[in-house]
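Thanks for coming. I will go through one structure, element by element, and leave time at the end.

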Amino acid sequence: MKQRIIYHHPDVIVENGDSGSQVRPAKMLAAFKNLGFTVDEVTGNSSQRAAAIKDIKKRIREGVEYAFLYSENRSIPTPLTETHRLPLHPFLDHLFFRFCKHNSIPVGLFYRDIYWRFSMYKDKLSLIARSITIPLYWYDWLIYQHYVDHLFLPSLKMRKHLPTQWPFEGLSALPPGTAPSIGSKNALDRSPTKSLSLLYIGGTLPPNYDLSPLFMLIKNLTNVRLTLICRSNEWDVAKHYYGELPKDKVVIRHVSGEALRQEYRSSDLFTLIREPYIYLDFAAPVKIFEAAANCLPIITLGGTEASEIIRRERLGWVDESLEDIVKRINQLDQDRSLLAAKSAELEGIRHNQTWESRAKAVAEKLLNLKKS
């Protein structure tokens, strides 16, 4: 008999989202189903979640057993997740967590974001806005402390920024996963190009994403070409910060879907090179796992959680300075077999980084709590 679980997310599940906050809930939901769980969803808007909660409570009272509840929260307070952002149903989700807890159903939650704890958040919002959001963030957190049995974080480095202490045995890192079937291309099969093809995908707007070191790197290298993929509206603002870029070396594109996958397949090296920023130091970007899924080696600067993942999982190269990266890229350019060897290695490694492996880790943690 298949084990039945509850999957909670206080928003609509977007199947083909274009951001990590949309991708992850959909991928984790699909992963649990792929592992063979029977999944009852508590997702959508408040009306849809209320209806689902009513049905699940009825089943539980009739004797249906659930192995655990897993929740993917939002980066905004749960009471504000309606499209109108009015907290009209502030107790809906939290009372359901309490109900599950009281019915011996282990509750696990992925705590996505801690931005509200940083001064940048306070600088970004008006006093009136902060007077609403910050108390609601605290409200969420206090509920989690009472009713969540295991807290999953993007990385354990995030622990020191949590609002209050959380028992270490009740914490796990749960970085993003990937889907190797999205269409990889081993470097041994890549068409040889005159210039080494570098790829960057992600934010470009300082101070969060200051790519000055990356552009400086490109200017100091001779036989490279960088493709930078980002949102067009963000680049319209960011480009004024960086000034004139060498058009023969840097190409800016705003693509997604199959066009984005093609960029992964046609590149030689994925770059994650930017100015340090405390909020991003503990982030685990989904793009590094997408690069690995496409057997695309990664190069980055050390000192971040992303660099620790890349080093630990052997996804590429981690250097400690721009000078070292310049030497590394020149070496890779002169001996392309090094890239081919790393890409071939990723062919095997990438299967350990799937969304199913993440869902399996969650299930193991929460099922052990069920037994205890």
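Buried here means under 20% relative accessible area, exposed over 50%, and partly exposed in between, with a 1.4 Å probe and protein chains only. What you see is a predicted model, in which local features need pLDDT of at least 70, side-chain atom pairs count only at pLDDT 80 or more, and totals for chains, interfaces and linings use all residues. Residues are numbered from 1 along each chain as its sequence is written, and side-chain values use heavy atoms, with hydrogens and water left out. Helices (H or I, at least four residues) and strands (E, at least two) are DSSP runs, numbered from the N terminus.

I start with helix 2, residues 46-61. Helix 2 has 16 residues and reaches 22 Å from its first C-alpha to its last, close to the 22 Å expected at 1.5 Å a residue. The expected span is 1.5 Å times one less than the number of residues. Which residues of helix 2 are buried? They are Ser46, Arg49, Ala52, Ile53, Ile56 and Ile60. Down the axis of helix 2 these buried residues fall within an arc of 125°, so they line one face of the helix. The arc is that of the directions from the helix axis to the C-beta atoms. As background, an α-helix has 3.6 residues a turn, so residues three or four places apart point the same way. Turned away from the buried side of helix 2 are the exposed residues Ser47, Lys54 and Arg61. The buried residues of helix 2 pack against strand 1 (4-8), strand 2 (38-42) and helix 3 (92-102), where contact means heavy atoms within 4.5 Å.

Next, helix 11, residues 322-334. Its 13 residues should span 18 Å at 1.5 Å a residue, and its end C-alpha atoms are 18 Å apart, which agrees. Buried in helix 11 are Ile325, Val326, Ile329, Leu332 and Asp333. Seen down the axis of helix 11, they fall within an arc of 130°, so they too line one face. On the other side of helix 11, Glu323, Lys327 and Gln334 are exposed.

Helix 8, residues 257-266, has Leu260, Glu263, Tyr264 and Arg265 as its buried residues. Among the elements covering them are strand 7, strand 8 (224-229), strand 9 (250-253), strand 10 (269-272) and helix 9.

Now some single residues. Val362 sits in helix 13 (residues 355-371) and counts as buried at 0% relative accessibility. Val362 and Leu151 are 211 residues apart in sequence, yet 10.0 Å apart in space, C-alpha to C-alpha. Leaving aside neighbours within four places in sequence, Val362 contacts Met28, Phe32, Tyr70, Phe152 and Leu174.

His150 lies in strand 5 (residues 150-153) and is buried, with a relative accessible area of 3%. Beyond four places in sequence, the contacts of His150 include Val107, Glu169, Ser172 and Leu369.

Met158 is in the loop between strand 5 and strand 6 (171-173), and is buried at 0%. Residues up to four places away not counted, Met158 touches Tyr111, Arg112, Asp113, Ile114, Leu153 and Phe282.

On to backbone geometry. Most residues other than glycine have a negative phi, and most peptide bonds are trans. Arg85 has a positive phi, near 65°, in the loop between strand 3 (69-72) and helix 3; Arg85 is partly exposed, at 40%. Cys295 also has a positive phi, about 55°, but is buried, at 0%. The loop holding Cys295 runs between helix 9 (286-293) and strand 11 (298-301). Pro206 and Pro207 are joined by a cis peptide bond, with omega about 0°. Pro207 is in the loop between strand 7 (196-201) and helix 6 (212-219).

Last, cavities. On a 1 Å grid over the protein atoms alone, a cavity is a set of points where a 1.4 Å probe fits but cannot get out, and lining residues have an atom within 4 Å of a point. Grid points are joined across faces, edges and corners, and a volume is the space filled by probe spheres set on the points. How many cavities of 30 Å³ or more does this rule give? The count is 3. The largest cavity holds about 50 Å³, and its lining includes Asn73, Arg74, Tyr111, Asp113 and Trp116.

Definitions and conventions
1 Å grid on protein atoms, 1.4 Å probe; cavity = no way out; pocket = protein on both sides within 12 Å on 5 of 7 lines; lining within 4 Å.
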